[in-house]
Protein chains: 2
Amino acid sequence: MPSKKRVTVMRDVAKLAGVSHQTVSRVLNEHPNVKQETRTRVLEAMQSLNYRRNLAARTLVTRRSHTLGLIGFETTLFGPASMLHGIEDAARTAGYLVSIATVRNLERGEVLDAVDRLSQHAVDGIIAIAPKPAVTNGLLQAPAGLYCVAVGGAGDPDAVPTVRIDNAAGSRAATRHLLELGHRTVHHVGGPHDWPEAQERVQGWRDTLYEAGAPVPPVGFGSWNAEWGHRQGQELARDPGVTAIFCANDRIALGVLRALHEAGRRVPEEVSVVGFDDMPDSGYFLPPLTTVRQDFAEMGRRSLTLLLEHMAGGEDAGPPAHIVVSPELVVRGSTAPPPSR
Amino acid sequence: MPSKKRVTVMRDVAKLAGVSHQTVSRVLNEHPNVKQETRTRVLEAMQSLNYRRNLAARTLVTRRSHTLGLIGFETTLFGPASMLHGIEDAARTAGYLVSIATVRNLERGEVLDAVDRLSQHAVDGIIAIAPKPAVTNGLLQAPAGLYCVAVGGAGDPDAVPTVRIDNAAGSRAATRHLLELGHRTVHHVGGPHDWPEAQERVQGWRDTLYEAGAPVPPVGFGSWNAEWGHRQGQELARDPGVTAIFCANDRIALGVLRALHEAGRRVPEEVSVVGFDDMPDSGYFLPPLTTVRQDFAEMGRRSLTLLLEHMAGGEDAGPPAHIVVSPELVVRGSTAPPPSR
DNA sequence: ATTCCACTTGTTAGCGTTCACAATTTGAAG
DNA sequence: CTTCAAATTGTGAACGCTAACAAGTGGAAT
């Protein structure tokens, strides 16, 4: 029996370096008061024994796991997936691992369950992709001392820190762009009516039309996908007065483009179309889509920063902070002046 | 000072239930030999104290964290993101949490680093999205006792268990479909030349042409995105002999569609196009894309099953198992018989 | 009754780390 | 040479849990 002890632990390193285990710990945690010479001796010992510290033991005593939790929804889509990526990227450089807990829907129960799973695993903080208030509210049930941040959506601003995009500004930019091209008004295909993001986009669009004195057409609310865009597009295509359509996201826009094409209405010559998000290949739609770009990854990174600040600030850190990032209009081939009559 | 002990631990539960802490542990771990009566008493105590067990302590002694690691690449794209989702979904029902470690590239160093991060956090196993051999090879450096599975790509079949798609079968189906429609031959726009998946797709396509006695046009290798598809599409559009194009994925197909459109070649009347993947909105391209569907989420789930089996099997479990899932051809509007001359 | 075994519970000792404190060494100042 | 504070190191005790064994039940078999 050659191997009695399978892994090397702090004690082994200590013995080899001729110091106590506590000194090894100090080296590991970069405690200032360690003589340079012993430090290198310990480091060499660690190297030669290929020592890796046992994080479970460390977590047990410090109550910090150096793991962050992510509550995600529809992480299969580009937006959430990119946020996840941004979060993980920033977390890694900050020395954290990210554990994920996806929720199947945005009901309270699912969210509470996710919080519970993560907190059992002793995550130090939670970032939630929270497109609906239920998620933010669920976060409030997190045990005291577990810091939470909501990204990408809705939530009581007094409750948790949030990172969100200025949806209204985005749709204002899109709508203004179309009006400036000379369109009499702009139609809108909305997202799901119970998503705050969808509402905010409507708001910015409506306000802009109103301010410009343009008529405000009725909005249809549906979902975020191309199928919905296609359906609404078919309807709008029938109305010859429609010359500009602003869609709540790029997928909807894709469906609208197809509907217009099927109806024989040319884009952008007869009808202009604008999306929202700027997905990876929106620039290769037919025609290339003018859209409002969101930097999801950046939002993810910012939310991580916010979480770390929140954690550092402690319990007594005043009202929650908020970050609002600005989207950017990307003009491509799907928009043009209206046909001259 | 009301709160001396902040959280309730096993001892508190034990005291309230009038048993020893070990009995509480037994209840928690569903040990068979606990009297029904005491079990309920303990459960009630846990409930009333809102007890949550400390997983770090459990991990410390059992050496099992009930956490799985995922090494991901380009998790922002639909395929990887869906796999991640499938994995997380299956992991949750199996009682595991998933921690992610994304790699910026597929170099050996990055992969080793990811393995290291995960193993430090004491994950019980690792699933790696491994489109290139470097990842699988990196997995071999994982400490003994840490089980690994590779999903979605390449790798030495003797090394680790894998889940992969039958790429060749997919492209055979696509190519056959086009030939059966009456096309004289089928052109192919390849993915990156150093991705085994891209190679396999070429293989299936080439074999099918060969068997059918059709001429085998040269292949261009590039990348996985629409921009590449657009570039190749422009070239192919110039050649009037091209009537059928099979693309290595849907994004490439999108670029090809645009190039053909710009060149005034109608799809599917003049040229048929087929993709690979079946992304969410491929059915809304112009025209709706015929493509080869991969069920990424299912692959994720399967890989988790495989990992758990591998873990249960222990060290002595013979050669690694492999799962190959079959893709499915989805016929839509982008394919039709060639124009009759 | 006695014996034995299965069932149920309790006791003790770690798991590998950090924390709090004690002990020692060092170096500069008196 | 003494003194004291700072720098450096070591010692024991947690952290909350499970493993291993011990010990106490009860009932069936002897």
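Start by selecting Ala122(B), which is partly exposed at a relative accessible area of 25% (buried is under 20%, exposed over 50%, partly exposed in between, with a 1.4 Å probe and protein chains only). You'll find Ala122(B) in the loop between H6 and strand S3 (125-129) of chain B; helices (H or I, at least four residues) and strands (E, at least two) are DSSP runs numbered from the N terminus. Check the backbone there: phi of Ala122(B) is near 60 degrees, a positive value in a residue other than glycine.

A quick word on what you're viewing: this is a predicted model, where local features need pLDDT of at least 70, side-chain atom pairs count only at pLDDT 80 or more, and totals for chains, interfaces and linings use all residues. Residues are numbered from 1 along each chain as its sequence is written, chains are lettered from A and ligands numbered from 1 in the order in which they are written, and side-chain values use heavy atoms, leaving out hydrogens and water.

Next, hop to Glu74(B), in the loop between strand S1 (67-73) and H5 of chain B. Its phi is positive too, near 50 degrees, and Glu74(B) is partly exposed at 35% relative accessibility.

Now for two prolines. Select Val267(B) and Pro268(B): the peptide bond between them is cis, with omega near 5 degrees. Pro268(B) sits in the loop between H11 and strand S8 (272-277) of chain B. Then try Leu286(B) and Pro287(B), joined by another cis bond with omega near -10 degrees. Pro287(B) belongs to the loop between S8 and strand S9 (290-293) of chain B.

Time to show both chains. How many residues does each chain bring to the contact? Chain B and chain A give 53 residues each, with contact meaning heavy atoms within 4.5 Å. About 4900 Å² is buried between them, 57% of it from carbon and sulfur atoms; that area is the accessible area (1.4 Å probe) that two parts lose on being put together, summed over both.

Zoom in on Arg251(B) and Asp281(A), whose side chains form a salt bridge at 2.6 Å, N to O (a side-chain nitrogen of Lys or Arg within 4 Å of a carboxyl oxygen of Asp or Glu). Across this interface there are 10 salt bridges.

Last stop: strand S2 (residues 97-103) of chain A, which runs antiparallel to S2(B) and is joined to it by three bridges (strands pair if DSSP finds at least two bridges between them). Pick Val98(A), and its bridge partner in S2(B) is Ile100(B).
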